[in-house]
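Biologist: Hi! Could you walk me through this one? I'd like to start with how the elements are named.

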Amino acid sequence: MYYALRGIDLGRVSKGVKCSVTGCDKEAVRSLASEKVSSAGLKVGETRRTYLCRDHYKEYKRETKKERKLEKWRHMG
Ligand SMILES: [Zn+2]
């Protein structure tokens, strides 16, 4: 059950859906909650779900990793 819910969060995107990042019109490969994506610093519209192309998904992953690192440093200090 839990895995099913997680599956929705990192859901596959049906063919033809475009990336939600402003100025990008590549084909989306991942769908995520918009708040997660915008907290990673990506510019997305005011929708509940955000679709990301491969490039922006990589960027999103990179940014969230960075944030996690910063958090660790904060706890250490
Ligand atoms: Zn994109």
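Modeller: Happy to! Helices (H or I, at least four residues) and strands (E, at least two) are DSSP runs, numbered from the N terminus. With that naming, Lys15 sits in the loop between α1 (2-9) and β1. Keep in mind that this is a predicted model.

Biologist: Thanks! Is Lys15 buried or exposed, and why?

Modeller: Lys15 counts as exposed because it has 7 C-beta neighbours inside 10 Å, and the cut-off for exposed is 12 or fewer.

Biologist: Let's zoom out. How many helices and strands does the protein chain have?

Modeller: There are 3 helices and 2 strands, and from the N terminus on they run α-β-α-β-α.

Biologist: In what sense do β1 and β2 pair?

Modeller: They pair in the antiparallel sense, over 5 bridges. If you want a spot to look at, Leu32 has Thr50 in β2 as its bridge partner.

Biologist: Is β2 mostly covered or open?

Modeller: Mostly covered, with 4 of its 5 residues buried. For the protein chain as a whole, buried residues make up 23% of the 77 residues.

Biologist: What about the largest nonpolar core, which members touch the most others?

Modeller: That core has 13 residues, and Cys19, Val37, Leu42, Leu52 and Tyr60 touch the most other members. The elements giving two or more residues to it are β1 (28-33), β2 (49-53) and α3 (54-76). The largest share, 3 residues, comes from β2.

Biologist: Which residues does Leu42 touch, leaving out those up to four places away in sequence?

Modeller: Leu42 touches Val21, Val37, His56, Glu59 and Tyr60.

Biologist: Nice. What share of the contacts with a separation of 6 or more comes from residues 24 or more positions apart?

Modeller: In the protein chain, that share is 38%.

Biologist: Last topic, confidence. What is the average pLDDT of the protein chain?

Modeller: It averages 81, and 81% of the residues score at least 70.

Biologist: How many contacts beyond near neighbours in sequence does the stretch of residues 1-9 have?

Modeller: Residues 1-9 have 2 such contacts in the model, and the pLDDT over that stretch is below 50.

Methods:
Residues are numbered from 1 along each chain as its sequence is written. This is a predicted model: local features need pLDDT of at least 70, side-chain atom pairs count only at pLDDT 80 or more; totals for chains, interfaces and linings use all residues. A nonpolar core is a set of buried Ala, Val, Leu, Ile, Met, Phe, Trp, Tyr and Cys residues joined through C-beta atoms within 7 Å. A residue is buried if 20 or more other C-beta atoms lie within 10 Å of its own, exposed if 12 or fewer, and partly exposed in between; C-beta atoms are placed from the backbone. Two residues are in contact if their C-beta atoms, placed from the backbone, lie within 7 Å. Two strands pair if DSSP finds at least two bridges between them. pLDDT is the predictor's confidence in each residue, from 0 to 100.
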